[in-house]
Amino acid sequence: MYADDILALCSSETQLKQCILVIEEWCKRNGMQLNKLKSGIIPFANRNSLKIPFLKLKRTEEEKV
């Protein structure tokens, strides 16, 4: 069985971790498995934010040198 397009809106890292546990438990009870490699976190923040949780910036070739 497949369950696609699950959305969880969280306002903190703690809440996000708890939500993932709830989803994993639901999946187990219903004979499914959460594939974390196909899942993602999309952070929402103000445009002027200097620190955004879970945001990973890719370094350009010029920055690697």
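User: At what N to O distance do the side chains of Glu13 and Lys17 meet in a salt bridge?
Analyst: The model is a predicted one. Glu13 and Lys17 are four residues apart in helix α1, so about one helical turn separates them. Their side chains meet in a salt bridge, and the N to O distance is 3.3 Å.

User: Is Glu13 buried, partly exposed or exposed?
Analyst: Buried means under 20% relative accessible area, and exposed means over 50%. Glu13 has a relative accessibility of 44%, so Glu13 counts as partly exposed.

User: With which residue does Glu25 form a salt bridge?
Analyst: The closest N and O atoms of the pair are 3.9 Å apart. A salt bridge needs such atoms within 4 Å. The partner of Glu25 is Lys28.

User: How do Glu25 and Lys28 count: buried, partly exposed or exposed?
Analyst: Glu25 has 40% relative accessibility, so Glu25 counts as partly exposed. Lys28 stands at 60% relative accessibility. The cut-off for exposed is over 50%. The result is Glu25 partly exposed and Lys28 exposed.

User: Which parts does the pair of Lys36 and Glu24 tie together?
Analyst: The side chains of Lys36 and Glu24 meet in a salt bridge, at 3.0 Å from N to O. The two residues are twelve apart in sequence, so the pair ties together the loop between α1 and α2 and helix α1.

User: How far apart are the C-alpha atoms of Glu24 and Lys36?
Analyst: A polar contact of 3.0 Å joins the side chains of Glu24 and Lys36. Their C-alpha atoms are a separate matter. Those atoms are separated by 9.9 Å.

User: Leaving aside neighbours within four places in sequence, with which residues is Glu24 in contact?
Analyst: Glu24 has its place in helix α1. One of its contacts is its salt-bridge partner, Lys36. With those sequence neighbours left aside, the contacts of Glu24 are Leu34 and Lys36.

User: How many salt bridges does the count come to?
Analyst: One joins Glu13 and Lys17. Another joins Lys36 and Glu24. Glu25 and Lys28 form one as well. The count comes to three.

User: How many disulfides does the structure hold?
Analyst: A disulfide needs two cysteine sulfur atoms within 2.5 Å. The sulfur of Cys19 is 4.3 Å from the closest cysteine sulfur, in Cys10, so a bond is ruled out by distance. The number of disulfides is zero.

User: What is the relative accessible area of Cys10?
Analyst: Cys10 is in no disulfide. Cys10 is partly exposed, because its relative accessible area is 29%.

User: Where is Ser39 found?
Analyst: Ser39 is partly exposed, with a relative accessible area of 41%. Ser39 is in the loop between α1 (13–29) and α2 (61–64).

User: The backbone oxygen of which residue lies 3.0 Å from a polar atom of the side chain of Ser39?
Analyst: Here the side chain of Ser39 meets a backbone atom. The distance is 3.0 Å, and the backbone oxygen belongs to Asn35.

User: What share of the 65 residues of the protein count as buried?
Analyst: The protein has two helices and zero strands. It exposes about 6900 Å², with carbon and sulfur atoms supplying 55% of that area. Of its 65 residues, the buried share is 5%.

Conventions
Residues numbered from 1 in each chain as written. Predicted model: local features only at pLDDT ≥ 70, side-chain atom pairs only at ≥ 80, totals over all residues. Heavy atoms only, no water. Buried < 20%, exposed > 50% of the residue type's maximum accessible area, 1.4 Å probe, protein only. Polar contact = N/O pair within 3.5 Å; in protein donor to acceptor, adjacent residues only side chain to side chain. Contact = heavy atoms within 4.5 Å. Areas by Shrake-Rupley, 256 points an atom, 1.4 Å probe, with all protein chains shown as cover.
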